[in-house]
Each structure stands twice: as C-alpha cells, then as structure tokens.
Amino acid sequence: MGFKCGIVGLPNVGKSTLFNALTQTAAAEAANYPFCTIEPNVGEVGVPDPRLDSLAETGKSAQKLPTRLTFVDIAGLVRGASAGEGLGNQFLAHIREVDAVAYVLRCFEDADVTHVEGRIDPLADAEVVETELMLADLDSLERRRLPLEKKARSGDKEARIQVSIIDKALVLLREGRPARLARLAPEEEPLYRQLQFLTAKPVLYVCNVDEASAATGNAYSRSVEERARAEGAGCVVISAKIEAELAALPPAERAAYLEELGLPEPGLDKLIGEGYQLLRLITFFTVGPKEARAWTVPAGTRAPKAAGVIHTDFERGFIRAETIAWEDYIGFGGEAGAREAGRMRLEGKEYVVKDGDVLHFRFAT
C-alpha cells in the first residue's frame with residue numbers, strides 16, 4: 001500500500017535541496033531504511049521507528065524492513081500555474097496523484113538567492129500556492145458541474161449527489177477557502193475523495209530556515225506555525241542546508257554533528273514522521289526469524305484489511321489475528337513470553353488494528 005506526499009513550493013525556496021537531502025540520506029542508510037528511485041523526482045524512504053529496531057532484536061530477526069512513504073518533488077510553482085504558466089499543467093497533474101501536500105516555505109534571508117516574488121514572506125508564498133490550487137479546482141468543478149446538473153434534472157440520483165457535493169466545495173472556493181474545509185456527512189467522504197480536489201488534500205507546512213534558526217525557529221517560521229495551528233495543519237521547522245550537509249557525512253559522524261548544532265534528530269526524520277501522521281496512518285508489525293517488518297494502514301483499519309496489505313489471500317481467508325502490543329512483545333521477551341503471561345489476544349474480523357500491534361494472521365487457504 002503506497003502513500004505519497006508531494007513537496008511543492010515557489011522557485012528558490014529550498015524545495016529540491018530538501019528532496020535531494022532526503023533521498024541521499026535514505027540511500028546512504030539503505031541497510032536500515034531502504035530507498036529507491038522510482039522516477040528522477042520520486043523517492044521512497046523508510047519511516048524511522050525505534051520500535052522496529054527493538055522488535056527485531058527481541059525476535060532475533062535476520063533483517064528489518066520499515067514501512068515506507070513516497071515523496072514527490074513537484075515542479076516549481078509560479079503565479080499563474082492554474083492557467084498554464086511555467087510547468088502549470090504538469091504541476092497540477094502531479095498534485096492530483098499525491099495523498100498529501102507539503103508546502104516548502106522560505107523562512108530565511110539570503111541576498112545571493114533571489115526570490116521569484118522579490119520579497120521574503122512565507123505566508124504570502126503559501127497564499128500563492130493555495131490560490132493557484134483553488135483556481136484550478138474552481139475551473140475544473142465549474143466545467144464538471146454543468147453536465148452533472150443536466151443529469152440530475154433528468155432524475156439521475158448519483159448525479160444529484162455529486163452536484164450536491166461539488167456545490168459544497170464551490171461555496172468554499174468562491175470565498176477563497178480550500179476544499180478541505182468542507183463539512184461532510186460520513187457517507188459523502190468517499191465520493192468527495194474520488195473527485196480529487198487539489199485543495200482537499202491534507203497540508204504540511206515546511207519552514208526552511210537558516211542554520212542558526214534550525215533548533216529554535218525564527219519570526220518567519222513562527223508566523224507559519226501560527227497559521228498551521230489555526231488550520232489544524234502540520235508544521236515542521238527544518239534547515240535544508242543543514243540536511244544537505246548531514247546527508248554528505250558518513251552515518252557514524254552524523255550524531256556528533258547534530259549534537260554540535262543542538263539538534264535532537266535530523267530535520268528529515270521530523271519531516272517523514274509528520275508526513276506519516278498527516279496522512280493519519282498507523283503502523284503494525286510482523287516479527288519472525290527471517291524479518292521484522294513494519295506495515296502501513298490508515299487509522300481505523302480492521303484486521304482482515306490489515307492482513308490484505310501483506311497478501312490478498314490473507315484477507316480472503318482471514319480467520320483471526322494473534323495480537324500482542326509491541327511493549328508486551330519486548331517486555332516479555334517475544335511471542336512465547338507474551339503468550340505465557342496472558343498478553344496475547346485472539347482478535348476477529350471486527351477488530352480495529354492499533355498502532356504498534358504485533359500481529360500474526362491465521363487464515364484458511
């Protein structure tokens with residue numbers, strides 16, 4: 001099951017520097033967190049998770065396979081992209097393919113790096129990105145609505161529902177607000193997602209700061225954090241320059257470099273983790289002598305669906321899931337110890353998988 005987070009931003013904000021550092025770091029740590037290049041602008045990275053390391057050690061697993069998240073470096077946006085300026089059409093097509101969008105915002109001053117708008121204002125940059133996406137959504141929906149309205153008038157029930165949902169988005173867009181703010185009934189949400197509104201996707205603000213501000217942020221990044229809180233969006237403060245330098249170091253030297261800078265962890269780890277949380281994903285584990293592996297599923301997934309992520313046969317023939325909390329697996333020395341301590345549970349088809357579950361699926365062939 002793949003999940004994609006698109007990285008977008010205006011030219012010269014550090015977007016591609018961040019993406020390159022992300023992929024270089026992942027490639028250098030391939031033994032623990034595999035990376036592969038699907039296309040020149042697509043990178044698949046392992047989600048750092050200390051629980052996997054501990055589970056692999058406890059289970060004496062030969063290898064560790066983390067869950068993964070795909071980042072897409074989307075062509076730089078310029079004002080007018082919704083009307084085809086720059087690489088507008090390519091930009092918008094790539095946005096439609098991702099599950100969430102990370103807005104990289106310039107929160108640093110550097111006279112040697114020009115800003116396409118001639119000023120440093122991350123909130124205004126965010127508005128440019130958001131406005132172009134809203135204009136594209138508005139144009140698309142207004143063109144799609146007319147034929148659907150004709151069908152609805154002729155008695156087509158599905159068309160009537162689609163028109164109703166489109167109208168909810170149009171009200172917001174005409175007010176200059178993104179489609180993700182729509183209030184939907186539970187039964188409307190699947191169709192809303194199918195309509196692929198660009199501005200309905202979850203947003204993560206990435207504040208690219210100077211090296212001196214990497215640990216504490218600055219006035220620019222704090223203004224973005226305030227906006228993110230007001231919207232319920234994610235926000236990460238990161239220095240692309242530091243991340244590029246970190247990626248160039250041998251893994252053994254990175255911890256010392258981070259300590260010297262007063263940073264508890266690489267900014268890219270924060271970015272990956274925030275992207276994972278933004279998509280409302282959880283992790284469950286399978287542990288055995290061959291491998292300890294992390295698997296990604298959306299929050300709220302029931303046990304048979306989780307089994308199907310491993311193999312479709314597991315979902316079709318699902319009988320039950322032997323379930324151990326990851327803390328109990330480690331605390332009682334593995335599966336046998338957890339079972340003897342009464343910490344293994346047998347869960348059926350209605351069980352909702354919890355983050356950190358260690359699962360062994362029983363299924364009929």
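Me: Ala, Val, Leu, Ile, Met, Phe, Trp, Tyr, Cys and Pro count as nonpolar, Asp, Glu, Lys and Arg as charged, and the others, Gly among them, as polar. With that sorted, how many residues in the lining of the second largest pocket are charged?

Reply: Keep in mind that this is a predicted model. The second largest pocket holds about 460 Å³ of space, and 30 residues line it, with Glu 265, Asp 269, Lys 270, Gly 273 and Glu 274 closest to its centre. Sorted by class, that lining has 15 nonpolar residues and seven polar ones, and the charged count is eight.

Me: What about the largest pocket: which helix supplies the largest share of its lining?

Reply: The largest pocket has a volume of about 1,100 Å³. Of its 27 lining residues, Asp 99, Arg 193, Ala 200, Lys 201 and Pro 202 sit closest to the centre. By class, the lining comes out as 17 nonpolar, two polar and eight charged residues. The largest share, three residues at 189-194, is from helix H6.

Me: Is Thr 286 buried or exposed?

Reply: Thr 286 sits in strand S9. It touches Glu 291, Ala 292, Arg 293, Trp 295, Ile 310 and Leu 359, leaving aside residues up to four places away in sequence. The relative accessible area of Thr 286 is 17%, and the cut-off is under 20%, so Thr 286 counts as buried.

Me: Which side chain makes a polar contact with the side chain of Thr 286?

Reply: Look among the residues that Thr 286 touches, which include Arg 293, Trp 295 and Ile 310. The polar contact spans 2.9 Å, and the partner is Trp 295.

Me: Where's Gly 334, and what is its relative accessible area?

Reply: Gly 334 is in the loop between helix H13 (326-331) and helix H14 (335-340). Its contacts, not counting residues up to four places away in sequence, are Thr 58 and Tyr 329. Gly 334 counts as buried, as its relative accessible area is 4%.

Me: How far apart in space are Gly 334 and Val 287, C-alpha to C-alpha?

Reply: In sequence, Gly 334 and Val 287 are 47 residues apart. In space, their C-alpha atoms are separated by 9.1 Å.

Me: In the Glu 347 and Arg 345 salt bridge, which residue counts as buried?

Reply: The closest N and O atoms of that pair are 2.9 Å apart. Arg 345 has 31% relative accessibility, so it counts as partly exposed. At 18%, the buried one is Glu 347.

Me: Which residues are joined with Arg 227 into one salt-bridge network?

Reply: Start with Arg 227 and Glu 231, whose closest N and O atoms are 2.9 Å apart. Both lie in helix H7 (residues 219-231), four residues apart, about one turn of the helix. Arg 227 is buried at 14%, while Glu 231 is partly exposed at 33%. Salt bridges that share partners put Arg 227 in one network with Glu 127, Glu 130, Arg 180 and Glu 231.

How values were computed. Residues are numbered from 1 along each chain as its sequence is written. This is a predicted model: local features need pLDDT of at least 70, side-chain atom pairs count only at pLDDT 80 or more; totals for chains, interfaces and linings use all residues. Side-chain values use heavy atoms; hydrogens and water are left out. On a 1 Å grid over the protein atoms alone, a cavity is a set of points where a 1.4 Å probe fits but cannot get out, and a pocket is an open set with protein on both sides within 12 Å along at least five of seven lines; lining residues have an atom within 4 Å of a point. Grid points are joined across faces, edges and corners, and a volume is the space filled by probe spheres set on the points. Helices (H or I, at least four residues) and strands (E, at least two) are DSSP runs, numbered from the N terminus. Buried means under 20% relative accessible area, exposed over 50%, partly exposed in between (1.4 Å probe, protein chains only). Contact means heavy atoms within 4.5 Å. A polar contact is a pair of N or O atoms within 3.5 Å; within protein, one must be able to donate a hydrogen and the other to accept it, and residues adjacent in sequence count only if both atoms are side-chain atoms. A salt bridge is a side-chain nitrogen of Lys or Arg within 4 Å of a carboxyl oxygen of Asp or Glu.
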